[in-house]
Each structure stands twice: as structure tokens, then as C-alpha cells.
Amino acid sequence: MNDIAVATKVEKKQPLLAKNQNNGESAASGTRKAVDLGIFDAFRFSGSSQKGTDLQIKVPASSTGTKRKLESGKPRVDQKSESNDRNSKKRKKKTTSSETLEEMRAREIKKWGRLRDLNLSFESVKFQIVIGAILSKQTQFPVVLKAVQTLKAEKDICPDGKSLLPKQMARCDEVKLRRLLSFVHYNKQKAKHLIQTAKMVLERFRGIVPTLQDHLLLLPGIGPMLSSVVRTVTPKKSEFGEPSEQ
């Protein structure tokens, strides 16, 4: 009796499962409708009895105002190789159009010509060039020349209006110097460096502006590059009619 009852229950469940499968297929077939979403109208949904809904994607031939093209056949260009090629071309151009040391020195001397006034004393010209080097950091050179002329116009800093010397610069008030250099980038820091440099020249180098690389690097605001520029553009003592030091 128990076997007969179980068999009848199984027979009753089988038509129900078949009926549910048929209903699922009809419902899935009914959901296969295109969704009009403008540029997203390529997405369509299809149902299956086992995996639920599957997403079918088609690339549209054209969209509103734009066209998308798939170029699967073309190989992708490596950006690193392109940048390396550009860098190598730049290096070749630099080597072909590179200046000699004499040409570079002549160009720098011409640029700094207004600060290399041979009518002044040797020490004044050296200190003037050091001042220009400190002011030239991240500043255009015409602004540097204007700043030097502004300092020369101040009687407390330059009594004769021509020669800038460490003695007068060391006594200058820092707040006043900042105001005079207000149009120069980093005027507060540079004003401080000018006063500290003047004091160091007086105390450490006995009033003689240094010209050696190691000594120039001790001055505030003078780095390796600026020290090389100072040594390049500073005239020799013999150019002033004075005997050069051995």
C-alpha cells in the first residue's frame, strides 16, 4: 500500500513540474523585447530555464551624434616606446646643436654685461655679480637688473649710487630691503640671504668676495649652478688694470 501511495504522489508531481517549465518558457519568451534606451538600445535580455537571464550585447552602428569604430585588427601602440623615441630624438638634436664652452661663456658674459662694469672696483663688481646671482633664482634677468638698479638708488645701501659693497649691505634693515625688492620672487628670503652674504664676506672672508667654488657654496642662496655662473661671468682682476693674484 505504501509503494502504491508513493507512486501516485510522484505521478502527481511530474505534470506539475512540466507545467511549471512550460510556464517559465512562455514567460521568458514574453520578456524578449527590445529596450529603447537611446545609446543603450543594444542591450537585450533573453531568459533561459537554467541560468535565469543572459545579457546579449550588440555594438550599435551609430549613436546620437557619435560613431564608434572597433579596430581590432590594428596592433596597440606602446606609449613607452613612443616616449623613448621622442627622448632619443631630443638628445640627438641637443648633441648636434650643442654649444662649445667658449660659446656658452660668451653668451653668459653678454647676458651679465651690465653687472660687469669695469669702471667700478674689482670687489664691487664681484659683489654685484653675487647679488645678481642670489636675485636670479626663479626670476627673469630683466627683473634682476631692475632690482640691482633699485638697490643702487638707495643711499643707505649705495652712497655713491654706483658701487654695491658688503659693508653697507650688512647694515641694511631687512624689512626695508624686503620692501625695495617687493617685485622680485621670494623677496623675503632673498633679502635675508643678501644681508647674510654681506656679513659672511666681512667676517669670514675679511671683506674680499670669494671666487673659488668651495667658498661660493658657503654663501646663502648660492648653489652649485649659480656658483658656476658667478665664476664664469666674473671678470679677471687683470681686466681692471690690477695685477692678478697667483
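Reply: Welcome! A helix here is a DSSP run of H or I with at least four residues, and helices are numbered from the N terminus. Keep in mind that this is a predicted model.

Me: Thanks! How do I read a pocket, and which helix gives the most to the lining of the second largest pocket?

Reply: Rolling a probe the size of a water molecule over the atoms shows where empty space is left. Here, the second largest pocket has a volume of about 170 Å³. Its lining takes at least two residues each from α3 (101-111) and α10 (224-233), and α10 gives the most, with three.

Me: How many salt bridges does the structure hold, and which parts does the pair of aspartate 156 and lysine 176 tie together?

Reply: There are six salt bridges. Aspartate 156 and lysine 176 meet at 2.6 Å, N to O. Because aspartate 156 sits in the loop between α5 and α6 while lysine 176 belongs to helix α7 (residues 174-180), this pair links parts 20 residues apart in sequence.

Me: Is serine 163 buried or exposed?

Reply: Serine 163 is buried, with a relative accessible area of 14%, under the 20% cut-off. This serine lies in the loop between α5 (141-152) and α6 (166-171).

How values were computed
Residues are numbered from 1 along each chain as its sequence is written. This is a predicted model: local features need pLDDT of at least 70, side-chain atom pairs count only at pLDDT 80 or more; totals for chains, interfaces and linings use all residues. Side-chain values use heavy atoms; hydrogens and water are left out. Buried means under 20% relative accessible area, exposed over 50%, partly exposed in between (1.4 Å probe, protein chains only). On a 1 Å grid over the protein atoms alone, a cavity is a set of points where a 1.4 Å probe fits but cannot get out, and a pocket is an open set with protein on both sides within 12 Å along at least five of seven lines; lining residues have an atom within 4 Å of a point. Grid points are joined across faces, edges and corners, and a volume is the space filled by probe spheres set on the points. A salt bridge is a side-chain nitrogen of Lys or Arg within 4 Å of a carboxyl oxygen of Asp or Glu.
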